[in-house]
Structure formats: C-alpha cells, structure tokens
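Here are some notes on the model you sent. They take the interfaces in turn and end with one chain on its own.

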Amino acid sequence: MIRAAIALLAVLAALPLFGLPEYFLHLGIATMLSAVACTGWAMMGRFGLVSFGHGAFIGIAAYTMALLWNYAGLTPWIGLPAGVALGMAAAALLAYPCFRLRVVGHYFALVTLAAGEIVRILIVALRNITGGSLGMTPRLSPDNALAAMQLGKHGFWWLAVLVWAFALLTWWWIDRSMSARALTAISEDEDAAASIGIRVTREKMMITLISAGFAALGGALGAQYRLYLNPESLAGIGISLQIVFGALAGGMYSMLGPTVGAAFTIALEETLRVSFGTAFIGAAPLVYGVLLVLFILFLPRGIVGWFERRR
Amino acid sequence: MDPFLLEAIVNGILLGGVFALPVLGLNLVFGVVDVVWLCYAELVMVGMYCVWFLHTQAGWPLSLAFAACLPVVAMLGLLLHLLVVKPLLGSPPITQVLATGGVLFILQGGAMLTFGTDFRSLGVEMPPMEVGEIFVSGTKLVAFVAALVSAAGLWAFLKFTYVGTAIRAIARDREVMPLMGVDPQRIYLVASAVGGGLAGLAACLLVVQLDVHPFIGLSFGPITFMICVMGGLGNMLGGFLAAFLMGVIISTGGFWWNTEMSYVVAFVFFIVVMFARPRGLFAR
Amino acid sequence: MEGATLSLEGIRAGYGDFQALFDVGLKVSPGEAVGVVGPNGAGKTTLLRVISGMLRPKAGTARFGSTDIAATPAHMLPGIGIAHVPENRRLFPHLTVEENLKVGAYIPAARRRYAEREAYVFDMFPRLKERRHQLAGTMSGGEQQMCAIGRALMSSPRILLLDEPSAGLAPLVVAQVFALVQRIRAEGLTVLIVEQNVAQVLRVVDRAYVLDAGHVVAEGSSAALASDPKIRSAFLGGH
Amino acid sequence: MLMNRRTVMAGAAALAAGRASAQGSGAPIRIGLLHDLSGPFAGAGSVPLFQGAEIAIELFNERGGVDGRLVQAVSADSQSRAEVAINEAERLIGQERVDVVIGVYSSAHAVPLAQRMQAAGKILWINSAIATAVLKGKNFTTIFRPTVHSDQYGEGSVMFLSEHCERTTRIAPGNFKLGIIYEDGPYGVGVATALEANANRVGMPIALKEGYSATAPDLSTLVTKLRRERPDAILQVGYNPDITLFLRQAKSGGLRTRMVIGHGAGYSQIDRLTETFGREIDHFCNVDPAATQMLSPERLTPQARELQQILLDRFRARTRSNDPPTHASMGFNNTWVFLEHVLKPAVRQGGGSVEAMRTAALAVDIPVGGTIQGYGVKFRPPGDEMAGQNERSIAVVMQFENAKSIVRWPTPIAAGPPVMPLPASSPFALR
C-alpha cells in the first residue's frame, strides 16, 4: 500500500520530465490543486457537515497572500501560510457559534453560503486595495522567481503533487485517529455522542479547521499559479459549489474520491467545451448537468465509491 | 420623516413582494418533501421565457400567456420530482441538493440553446403612482398585490382543503400519514406541482419587471434561499414575513450606505439571525 | 359497515437483522374486543404495525376480511376499515384539534360523511368540541389521547387498533380512557388493544393474547387469563 | 486529437470559396478567437464582437488571404469566467499552436490573459476589453489594443457636457451636478473612475457616485437617492439587464433630469433598448467608439467606406439586425486592422513570426478616417506608460434619435449640436 503510494507519487512527479504538453500540464496542475480543495471539503462533508462557503476561506487566503506580496513584499512562501491561517481563523469565527448554537444541516449550509458571498462582495467593494472585480495580479519578479513563488509550470506541478500528497496523508491520518470514530458518531446522533463523552464542538471545530485549511491552501496556490486573483473565481457561490460538485462526483467517503471527482469535472468541462466548441452554445452546460444528475442518481457514492462497492 | 427614506422603505416592501412567492414555493417543497430545490430560481427563469415566448413570439394575449405559464412550470416541478428527487428520497440531503443543482445547469444550458444568450424584454408597463413626494411603480405595485393575493390563495388551500391540511401535517410527521389513508408520494407530487406553480406565478410577476436571460436566476436565487432559511425552512408564514424584512433591509441598507454594501448588510444580518435563532427567525 | 375478521398466521417480522415476532397467530372476530399484553419489548407494537401496514412481515399471512394486508399499500388500509392509534399518539401538534380530525377524515369515504363523523366524535369527547380551535400540542396528555382516538374514529373504521392508550397518563385519566374504550366497543366496533397495564385491559376486553419475546405464550378469555396464576405472577404483581 | 468543429467548418468554407487554391501556397495561418459565447457577457455584446471578427476573417480569406495562405480561425468560448479564459488561452497556445489570440470581451479576462500571453511570447489583440488598467504601467510588448480605453469614455462625456451645458441649460460647468452610477465590474469601475477624474479636472460637482452589481434584482433605492440629489445629468455605465432595469425603475420612480449619458455596453445596443423603451430613450447620449453606420461614408477613406458597406450588409444578413451594435463594428474593424495591416506585412516580410507581427504592429500608421469606426491606428511604443494602446482611438458621443445614433462630439465630426436638455416629450425630462 505504502509502496504503491510512493510509486504513484514518483510517476506523477516524473511526468513533466517526459514532455507532457503544456496544456495538459496546466490542466494537471489545476486538477491537483482543485483536488486539494475538494479533498479538504470532503473531510468535513463526509461527516455530514455540508458547507457551501469554502470559497470564503479560499478568497481570504489568496488575497491575504497576494496583498502581503504586493504591498509589503512578503514572499508567498510566508504569505501563503499566513493567508491559510487567516482563512482558518475565519472558519473558526463562523463555525464556532454555528456548532455551539446548533446551526446544522441546511441552516449551516446556507450560513456558509452567505459567508462566501460576503467575502466576494467585500473583495469587489474594497476595490482600491484588491482591484475589485478587475482582479489583481501579484507583482512579477522575474529575477527572483523562486522567492516570489513564481515557478512556472514544472515547478508548480511538483508543488501541487506535494500539497496533494499532504492532503491525502492528512485524510489517511484522520481516518486512523479517534476523531474519525468520534465524528462518525456525531454525524449519526449528536446527543448520543455527547452522552458517551465525545467533545462534540471540539471535534467538529477541528475537522472544520483542517477542511477550511486545505480548501484555502489549494485555492490560494491555484491563484498563485495563475498569477491572477479574481473575486468571482476565488470566493462566492460559484467556486464553493464547484468544490462540492467535484467532491460529490468522485465520492466524498473515499480518500481518492474527491481527487477523481476534481479530475473528472475538469476533464468533462474541458472536453465538452472543446468538442461542442462554439457551434452549439449552451450544449456544454446542458450535457454537464445531465451527466451530473445521472451520476448522482446511479452512482450516489461517487465514482470511487461505486468501484469500492463492486470490489 | 424623510420622504426619500420612506420611499426606500416602501420600495423594500415591494421588493419583498418579489422574493415572497419563490420563498413560499421553495418552503412548501422543503416542508413537504424535505428536499431543497437548488434550481428553483431557474424554474422561474423557464416560466419567464414561457411568458415572453407566448406573448411576443406566438402573439398570445398577455393574460393567456400568464395562464399557460403556470401549468407549464407546475409540470416542470412534477417532472423534477419524479425524475430527480423521487429516486433520491432516501439519500443524504447533500446528494439531493446537488442533483437539483445539476438540473440548474440543464435549465441554463437548455435556455441558452433554445433562446440564445440575449436579454428578452416583455415591454409591458404601467404608469407610476405619485403619493405626496413618493413615487411607486405601478408595475411593482400590481405585482405586489398579486403576490399577496396568491399568498392568501395558498394559505386558503393549505387551511381549508383536505390535501392542504395533509400537506401541513406531513411536514411534521411523514411516517404516520399512511395511517390516515394519506399516500405521502401523492402529497409529494401535489406539493411539487404547487411549488412549481408558484415558480410560474413568480415568473409572471417578475417578467414584467426584469428582462429574462438564461442567468437571471443568479440575481435572486441565493437571496431566496437565505430568506427561506431565515424564516425557518418549511415555515410558510415565517418565510413570507422574512421576505419583506429582507427587502426592507436591502433597500434601506442601500439608502444609508450603498447599493453594493446593502447585500453585505443583508447577508451579515442573515448570519446573525441564524446565530440568534438557529431554527429561523419565526421558528416556533 | 359490516364486520370483518382479522386473522394473522405465522407472522414473522422485525427491523433489519433484528427479529421481533416469531410465528405469531392471532384472530379478532367482528364485534370482539381483544387485548395483547406482555412486557416491554415483547413485540406488541410491532404486531400492530404489521396490521396497519407500517411494517411488512417477512413471513406469514395477515388478512382483514378478504384483504391481504401484506399485499396492500399502507395508505389503502384505512379505506378498508383499519384505524390505528399509534404509540405516543403522534398527533400533529401544530394543527388544531379540528384539523387533526380533518386529516383523520382524509380518505374519500370519510370526507363525504365528515359532518356526521365529527358530530359523533364531539359527542363522544365533549372536551374536544370545546377545544376544537386549540393547537393539539398544547393540550393535556389525556386530551391528546382523546384527540388521537377521535382522529382514528373519523374514518369510520371497522377495527380500531389502540397502542398503549394509557401510556404516560395519570391513573384517573387512564380510567377515563378505558371507560371510553368500553363505550366504543359497546357500540359494536371491533377493538384490538395493546397494553402493558394488564389489570386494566383485561377488564375491558373479551379475550387476550400474552406476548413474550416475540412469541404468543398464552391466550384465552380475559377472565381465564386474569385468574391464571402464571399470568398473575408475571404481570399482575403476584397477589 | 482535439479538433474544433468551427475550425473545420471555417476552413472548409474558405476552401470552397476556391479563390485561394489557384494562387495558393502554404499552410493556413491559425489564429485564436476568444470570446464569451455563453454566460452573462454573451448577451452583453460579446457575441456580436465575435460575429464581427468572423466576418472580417471570412472577407480576408475571400480576398485571398496572405498571397493565397488562408487564415484559419480557432474559436473558443471563455464562458464569461476568468479561469475558463485562462484554460482556453493555454489550450490555444499549447494545443492549437496559435501565435495570436484575438478578441477578449471582459477586462477581468484581459488582465490575466495579457500577462500569460506576454510571458508565452504570443500576441494578444484586444478587440474590446477597455479598462485602462489592463495596459497602464504594465510595459507589455506583445499586447495590442486598437480600441478605446476607459479613460477616453470619461473624457468624452465630461468634455461633451462642459462644452454644451452652459449654452443649453444656463448652468455653468462649475454648477452642473453629475450623478454617476456604474456596474461594479472592471468596465463600470474603470469608466466611472475616469468620469470622476475628468469631472474633477473641469470642476464639475459630483452629486452621487455609486456602484451596483450588474445582477442586482432591484435598483429602486439608487433611483430614490438620485432623486434626492437632483443631478443635472445622469451618467450610467452598465450592461444590458441592469440599464434596462434602472431605466424602467427610474421612469416609474419619477426620476427626472436634464440629460442621460450611457457609456457603451448596454447603451450601445440600441436595437434592444428601442425594443423595450421605444422612443422614450430619444435624445439620450452614448459614449463609445462609433458603430460604423453612424459615420457618414464621406468622412472615411474609400477603402474604409467599402469595408463599412460589406460589414453592414453581411451583419444584417446574418442577424437581421436593424442597427448593428457597436460591438459588431469593433469586432470586425479591429480584427481587420490586424489581418490587413499586421498579419499581411508580417507574413510577407518576416515569415509570420511573432517578432515580425510585433514589428508590423508598431509600424501601423492609419490616419483618422482610415478605419470603419473613423479612428486611425498608431500604437504606443514599448516603454510608454500605455504601451500597446492605440493612440488614435476615439470615443465619440452620439445621441439617440428615432432608433438611430447621431454623432454629437467631438464637435469637428459632429452632425450638429445636441438636443439638450431632454425635451418635454421625454418621460425623463425635468418638468
């Protein structure tokens, strides 16, 4: 198992050396970073904590990182962790009262949705600092690209592989911890879990922070890779739902599910758009929607979940 | 009182009228079937296209186009239930929500394929009314009254018919319903059709105020969900009142601060309400 | 509406892997009042759930008159005359008393006779008439039990299934409830009643079955059972 | 192999035209066309922008391309989403191997695309995205924008008002109050910022400046605030659904003023506005590069005049449009400038390399009147603050009259003085 994992990582890390075309390299990086966000989301999603607001944490992390770089010259190598920490702090600020006051289920989902929209609108409204809806670009530093984390495709590929492996490792570690069992119990019956001594709020907070942290990490790295930040694609409903779709399509109950889902949704979107091209406007989202519904109807536990069940 | 502030408040209440019907429909479906239709605003969009097409392209009189819109969208609600929601009734809520999210893409894509991406306008208007220094849009006022009348009609249906009473009962206890001879599946169908019909009704009221395009749902979809939750999911009266509250908050927030930030004010208010009243502002 | 015989043979039923009933047989003739007694967890509630279609048996036959209960959707059973007052009453607390009764009269045959049935129920339970506009959830336990029975009676049933009507009620109220049961059966309605309160129930029924751990361990007339020393020692406190 | 249907069709159609094969030599020249064909921007002008570009390529090929080498368009849909635009750009340069991408409707897409294309050493030819910030201070060398930029919109409407307000309304520019409302996207913000800067420069007071989201379902509060502030002119920057909503709510909200000026996008779709408001929008003004039909042919060079007629005929035949939107002219005109004045010489002299195209672009020198939109073309050189911007682009102020637009500013090319203030027949006129 561990050997297979290392072999897989080695193959992934070696791929760019064999002259993978740039466009596929680009999609690969986008996929892995989006897989990090999806995996992060599923870490809490699989315990019944459904958030529609992970965009909020991504937006906070990405903008913190880029603003620190542009205005204070702080390297993203520090700015990124700082941004992710701030994103997690925002998650704590939002989640703690939710858990204490028992805002659950659809109510929790909608509260997080509102939080995502607030962050998006604030980024737009604070346009003097953030560039508003025009977006912002991190200041280029061609002489000092490494320090500025402006790595180009190969560098980012390896960074993405690393971060992705870290996300999976964390998942694996959670699965083996007591917390996984506690959270399963909580997701089944919160009161019963509390009555057998599980510290409900604490466990939920922990998984929420980890989840928000990975989403923020994946999203902010994506912004750094593209060297472009935009409120629409980093905060708000659009990105939040995109993450959920990916996690769900792949299967949020298995470790590789969100990754497969991210790869699947990106591949599907690209293929549909490119193959329908500009001939039938609207056909791509239509087919995407149909496939999504069919997937949920016939593979309710996602692609990976389906394979696991058959085995 | 500042007449302009008063006007902003009146406008907020009228805006609440815009939100009220979708909120009622969404709440009805949620209360009965226990599923959130993420594509609800897109059903409204289809209804708006339906009215636009029948009136401006097929040349039907407006009243007839309105009358046709209701059954069409109601039918769509039924189909949505039968094809997507029903097979997922036992699944986790997130799966159900996401499946209806898939339908959202289908409806948007379908609208683009059928009608293109242009903005379509009905071109119907009514003269404004002037009361003192306050101006009130005639169109909005009529839409507002229509929303109130429809809400009252819905209330009467739920209050005075057997099916309506069963709908209110099922929201609390679905397992016991067969003991009364009620087939929950049939009630789900009725609720889905009525929920769809309300989307159709909302479409009729919106199409005279807003241009229709495939993405119009994005304009009022998210806020509709929030209002629904704020009033208490499944709580019709709560949702109805919350619609007006939210309308006034957006309107006066825009008046005192600015139009952009008014939504931040509204969303922050929503979150605070959720913390204070986790089951909705008007939960019993 | 004429009577029909309820007959169960070899019923096995349970939840998932857990089996609650083992080869249970039972028969209730028209006009009879029959009790099912037994300790907590004996499968009494499961038995009623099988009869009213809320639970499908895994084996055995269940018939009411000419209808195969196991082959009929649950919501069709009130139409053939089965009314079930479930455990814990399960009223709609946010609806008024009158609205609860209205839901009870949902089936088409009952809707046509709504006024007549409502008058009958209000005659039997004058308290309900006084409180017809009150929310059901705000009434006392005894009143709620009356409302639940009234709701079941709205559909003009041929057999009334009562699940623990005395549960959670004060002794005085329990006596009232059983007096009502007696009145209902005196009017000729078939009654099947499940109870832990064995002493009380044996006073109002003709016959009873004793259920223990999913098996019928004894049956007979209420007088015979009441004097059976084994039953007495097991359920009646042994004096 | 990823193959675009439209590519195949365009190529086949051009071959069928048959003129090329006789002269022809060499592989087709592949050019990326990137527009928002779905999503909210599609209906806001991106589609006619694309159609204009397609007509230009079609015409160019009919005329034999570059000495027989045809241009093959590889079209892509950026779906009104920035990250899709980035993906498509990656695909166009990586998979489709194009050296040039033409189009780009939204400035929010132009920002990352410009950076990416510059880094990849490819040409980005921006036909529409107007925010000044896209180019300002960026020192790009392979990014060119033949069209106007947002500062010019601001200059256009403020200069127009300050020239005419005293004579027509007896209010000196120093007392002529402006109400500026704008959608909060890059286009609205860019133009609004320029409006404010220009108003400050000429000393015009600003009574209200407020942004709103283009998807807002209600703007009546904005109407109320404008009514309170009583601006003498309302300057709006918006797309279609929001300006229609605003005008509708302004009318029913009793908002009255002396002049309403729009700034392209929604206001450039006069057909659409007329469909909704009929003659109620008569005498509103709009600042934009001129749609070609607004310019009297005698002001154009003979070549431009000929192109003008071809575009109008073909666009009308394609879309049954009465008054082709400005974006159709922009798409055609700017694409044509590239094909005829950059691509042709670059292929003839430099083998069509990126460097040759860059050199050719910097050498373009088209006088005023030389393009179908009236402006000339001369790009700011590298090192300039606005490197890559066409310094001869002009935004004109035009006035609606009976579903037609008439140029009112700059005065030298105007077809007469404006009708101002709004006449009593307008439901928006002061009483």
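How many salt bridges are there between chain D and chain A?

1. The count between these two chains is four salt bridges. This is a predicted model, and side-chain atom pairs are counted only at pLDDT 80 or more. One of the pairs is Arg273(A) with Glu88(D), whose side chains meet at 2.6 Å, N to O. Polar contacts between chain D and chain A come to eight residue pairs, with both residues at pLDDT 80 or more.

2. On the side of chain D that touches chain A, the elements giving two or more residues are α1 (5-17), β2 (71-77), α4 (82-94), α5 (107-120) and α7 (186-202) of chain D. Of these, α4(D) gives the most, with eight residues. By class, this side of chain D has 16 nonpolar, nine polar and 11 charged residues.

3. As to extent, 36 residues of chain D are in contact with 31 residues of chain A. The two chains bury about 2,800 Å² between them, and 59% of that area lies on carbon and sulfur atoms.

4. The interface of chain A and chain B puts 45 residues of chain A in contact with 43 residues of chain B. About 3,500 Å² is buried between chain A and chain B, 85% of it on carbon and sulfur atoms. Three residues, His106(A), Tyr107(A) and Leu110(A), supply 19% of the area that chain A buries against chain B, more than any other three residues.

5. For the interface of chain A and chain B, the rule finds one salt bridge. Arg127(A) forms a salt bridge with Glu260(B), with the closest N and O atoms 2.6 Å apart.

6. The side of chain A that touches chain B takes two or more residues from each of α4 (76-100), α5 (105-125), α12 (237-250) and α14 (283-298) of chain A. The largest share, 13 residues, comes from α5(A). The residues of this side divide into 39 nonpolar, three polar and three charged.

7. The C-alpha atoms of chain C fill a box of roughly 45 × 45 × 35 Å along the principal axes.

8. Buried residues make up 57% of the 239 residues in chain C. Among contacts in chain C between residues at least 6 apart in sequence, 67% join residues at least 24 apart.

Conventions: Residues are numbered from 1 along each chain as its sequence is written. Chains are lettered from A and ligands numbered from 1 in the order in which they are written. This is a predicted model: local features need pLDDT of at least 70, side-chain atom pairs count only at pLDDT 80 or more; totals for chains, interfaces and linings use all residues. Side-chain values use heavy atoms; hydrogens and water are left out. Contact means heavy atoms within 4.5 Å. Buried area is the accessible area (1.4 Å probe) that two parts lose on being put together, summed over both. Helices (H or I, at least four residues) and strands (E, at least two) are DSSP runs, numbered from the N terminus. Ala, Val, Leu, Ile, Met, Phe, Trp, Tyr, Cys and Pro count as nonpolar, Asp, Glu, Lys and Arg as charged, and the others, Gly among them, as polar. Buried means under 20% relative accessible area, exposed over 50%, partly exposed in between (1.4 Å probe, protein chains only). A polar contact is a pair of N or O atoms within 3.5 Å; within protein, one must be able to donate a hydrogen and the other to accept it, and residues adjacent in sequence count only if both atoms are side-chain atoms.
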